[in-house]
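Here are my notes on the model, in the order I would go through them with the viewer open. Have a look and keep the numbered points alongside.

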Amino acid sequence: MENVLKSKESLMEILAGKITSKINDKLNKEGIELQKMKLGVEILLINLSKLFILITLSLMMNLLKETILMCLIFAVIRASAFGLHAKSSSVCTIVTLIMFVGGAYVSKYLMLNNYEILIIFTILNILLYKYAPADTESHPLIGADLRKKLKKEAVIKGLFLMAIALLAQNAQLKTMITLAVFEQVVSILPITYKILKRSYDNYGKYEKCIS
């Protein structure tokens with residue numbers, strides 16, 4: 001399986017190289033600029049392939065609208081709370097499918113009432129207030145003012161989504177909103193970083209160097 005994934009990634013590199021070469025016939029970039037352009041093309045291709053797999057599987061399971069909605073709700077919170085990223089493209093694809101397609105599927109059968117939603121969201125919003133935003137080694141969130149701003153935004157969004165979940169008449173929508181926010185909150189918890197052996201509060205290393 002690992003060899004198959006590696007070969008797919010190599011195929012992306014080859015394809016990115018060919019596309020970059022065609023583009024560069026007109027741009028005439030060299031050195032580091034050319035490498036940056038190739039990397040950008042490769043990242044775009046990888047993301048498009050993930051999107052294709054996500055859409056294909058959700059269509060096969062007749063869950064396209066639900067999957068897209070789960071993605072959008074998750075993205076709303078993630079834009080402020082940040083959190084972990086998978087270290088490899090293959091792991092990212094698998095986790096994405098489990099979270100969004102799997103979450104959409106579960107939402108058809110897991111019906112939460114307003115009391116349960118209120119309890120779950122109260123816990124989630126407390127965790128957002130305590131741990132958001134969470135950065136990564138490759139994207140440290142430098143600056144206390146920035147982190148304070150993002151924390152405020154994350155909590156406000158959490159409260160807003162809680163209100164929508166409580167007021168929504170559709171039981172599946174209630175569950176999808178709750179699951180999407182739950183999945184995002186899991187990605188910012190220190191225990192999740194510890195289990196996955198990832199560095200937490202990465203901004204501290206950079207701020208020490210600056211000071």
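1. Start with V181. Setting aside neighbours within four places in sequence, V181 is in contact with I73, I77, F121, L124 and L161, where contact means heavy atoms within 4.5 Å. Keep in mind that this is a predicted model, with local features needing pLDDT of at least 70 and side-chain atom pairs counting only at pLDDT 80 or more, while totals for chains, interfaces and linings use all residues. Residues are numbered from 1 along each chain as its sequence is written, and side-chain values use heavy atoms, with hydrogens and water left out.

2. Now the core around it. A nonpolar core here is a set of buried Ala, Val, Leu, Ile, Met, Phe, Trp, Tyr and Cys residues joined through side-chain atoms within 4.5 Å. Buried is under 20% relative accessible area, exposed is over 50%, and partly exposed is in between (1.4 Å probe, protein chains only). The largest such core has 34 residues, and M70, A81, F121, L128, L161 and V181 touch the most other members. At least two residues each come from α3 (64–81), α4 (89–107), α5 (114–131), α6 (144–167) and α7 (171–186). The largest share, six residues, is supplied by α7. Helices (H or I, at least four residues) and strands (E, at least two) are DSSP runs, numbered from the N terminus. Apart from this core lies another, of five residues, including A16, V41, L45 and I46.

3. How many salt bridges does a search of the whole structure find? It finds two, taking a salt bridge as a side-chain nitrogen of Lys or Arg within 4 Å of a carboxyl oxygen of Asp or Glu. One joins the side chains of E137 and R198, at 3.4 Å from N to O. E137 sits in the loop between α5 and α6 and R198 in the loop between α8 (190–195) and α9 (203–210), so the pair ties together parts 61 residues apart in sequence. E137 is partly exposed, at 30% relative accessible area, whereas R198 is buried, at 15%.

4. The other pair is local. K149 forms a salt bridge with E153, and their closest N and O atoms are 2.8 Å apart. Both lie in helix α6, four residues apart, or about one turn of the helix. K149 counts as partly exposed at 49% relative accessibility, and so does E153 at 27%.

5. L150 is also in helix α6, but it is buried, with a relative accessible area of 7%. Beyond four places in sequence, L150 is in contact with A79, S80, F82, P133 and L141.

6. C92 is partly exposed, with a relative accessible area of 23%.

7. Last, confidence. pLDDT is the predictor's confidence in each residue, from 0 to 100. The protein chain has a mean pLDDT of 88, and 92% of its residues reach 70 or more. Among the elements of the chain, α5 has the highest mean (98) and α9 the lowest (68). Over residues 1–8 pLDDT stays under 50, and the model has one contact beyond four places in sequence for them. Where pLDDT is low, the predicted coordinates should not be read in detail.
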